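Thanks for coming. I will go through one structure today, starting with the sheet and ending with a few local details. Please have the sequence and the model open.

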Amino acid sequence: YCLSDDEDGESSLSPVNPKPNPDSMSSGQWEGAEIEHKQRCIDVGRILVLDDCFVSCRMLRFLLQSLGLNEVDTFSDASEALEELMRPTSVYKAMLTDYHVGETCGADLTFQLRRWEANAERTPLIIIGMTGDDKITSSNWPGANVVIHKPFNRKSLQDAFLRVVSLQSQSTPASK
């Protein structure tokens with residue numbers, strides 16, 4: 001699923017042909033359409049959601065599914081989430097986490113996870129942090145790729161994922 005614009009300019013999800021018809025486009029149009037398609041599709045793999053509020057977990061799962069991200073598991077305990085993320089067989093590619101999960105601070109959580117990733121030589125997860133505290137930003141939440149502030153909507157969450165995916169694709173060598 002990819003994003004498309006409705007008549008009113010709102011973004012929505014719709015199934016699309018992954019590649020436009022090259023026979024009906026010039027090479028410049030083809031390249032532009034290919035770039036736009038890559039920028040607007042979100043494909044991050046399995047996502048772990050960590051929030052100590054059950055209602056927030058349900059809402060976040062719904063928002064992610066509305067973005068076409070259906071591989072979502074929710075956790076309300078930071079220790080359990082870290083244990084799951086650090087399993088040798090872990091399949092998670094992204095984490096969406098609240099800053100305050102019980103007694104756990106988001107900065108401590110991401111520090112532990114990033115240290116483990118480096119020691120285990122694991123590919124870093126996408127980490128999107130959520131907070132209701134306007135004083136918390138990416139600069140004082142080390143390890144988080146992006147911080148979004150509550151309350152946020154589907155578009156804000158979508159933009160956060162698109163920003164991280166775009167930054168990762170820009171920093172990834174073409175040979176990979």
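Which strands does helix α4 lie across, and at what angle does α4 run to β5? Helix α4, residues 106-119, lies across β3, β5 and β8, and α4 runs at about 160 degrees to β5. Before going on, keep in mind that this is a predicted model.

Now the sheet itself. It is open and has five strands, ordered β4-β3-β5-β8-β9, with parallel pairing. At the edges are β4, residues 72-75, and β9, each of which pairs on one side only. On average, neighbouring strands are turned by 20 degrees against each other, if direction is ignored. A further helix, α3, covering residues 78-85, packs on this sheet and touches β3, β4 and β5. The direction of α3 makes about 160 degrees with that of β3.

Let me take β3 in more detail. Four of the five residues in β3 are buried, so the strand is mostly covered. Towards β5, the parallel pairing of β3 runs over five bridges, and Leu48 has Met95 in β5 as its bridge partner. Towards β4, which runs parallel to β3, there are four bridges, and here Leu48 stands opposite Asp73. Together with α2, the strands β3 and β4 make a β-α-β unit, and that unit is right-handed.

Next, the nonpolar packing. In soluble globular proteins, nonpolar side chains tend to be buried together. Here the largest nonpolar core has 23 residues, and the members that touch the most others are Leu64, Leu157 and Phe161. At least two residues of this core come from each of β3 (46-50), α2 (54-66), β5 (92-98), β8 (126-131), β9 (146-149) and α5 (154-171). The most, five residues, come from α5. If we leave out residues up to four places away in sequence, Leu64 touches Ile47, Val49, Leu69, Val72, Leu96, Leu157 and Phe161. Apart from this core there is another, of 20 residues, including Leu50, Ala81, Val101 and Leu113.

What about aromatic pairs: how many does the structure hold? There is one. It is formed by Tyr99 and Trp141, with 4.7 Å from centre to centre and 85 degrees between the planes. The pair counts as edge-to-face because the angle between the planes is over 60 degrees. Tyr99 sits in the loop between β5 and β6, and Trp141 in the loop between β8 and β9, so the pair links distant parts of the chain, 42 residues apart. Are these two residues buried or exposed? The cut-off for buried is under 20% relative accessible area. Tyr99 is at 11% and therefore counts as buried, and Trp141, at 0%, counts as buried too.

Two backbone points remain. The peptide bond from Lys150 to Pro151 is cis, with omega near -5 degrees, and Pro151 lies in the loop between β9 and α5. Glu121 has a phi near 55 degrees, which is a positive value in a residue other than glycine. Glu121 is in the loop between α4 and β8, and Glu121 is exposed, with a relative accessible area of 73%.

Definitions and conventions: Residues are numbered from 1 along each chain as its sequence is written. This is a predicted model: local features need pLDDT of at least 70, side-chain atom pairs count only at pLDDT 80 or more; totals for chains, interfaces and linings use all residues. Side-chain values use heavy atoms; hydrogens and water are left out. A nonpolar core is a set of buried Ala, Val, Leu, Ile, Met, Phe, Trp, Tyr and Cys residues joined through side-chain atoms within 4.5 Å. Buried means under 20% relative accessible area, exposed over 50%, partly exposed in between (1.4 Å probe, protein chains only). Contact means heavy atoms within 4.5 Å. Two strands pair if DSSP finds at least two bridges between them. Axes are lines fitted to C-alpha atoms, for helices over the stretch in contact, and angles run from 0 to 180 degrees between N-to-C directions. A crossover is right-handed if, with the strands pointing away from the viewer, the path from the first strand over the helix to the second runs clockwise. Rings of Phe, Tyr and Trp (its six-membered ring) pair if their centres lie within 6.5 Å; planes under 30 degrees apart count as stacked, over 60 as edge-to-face and the rest as tilted.
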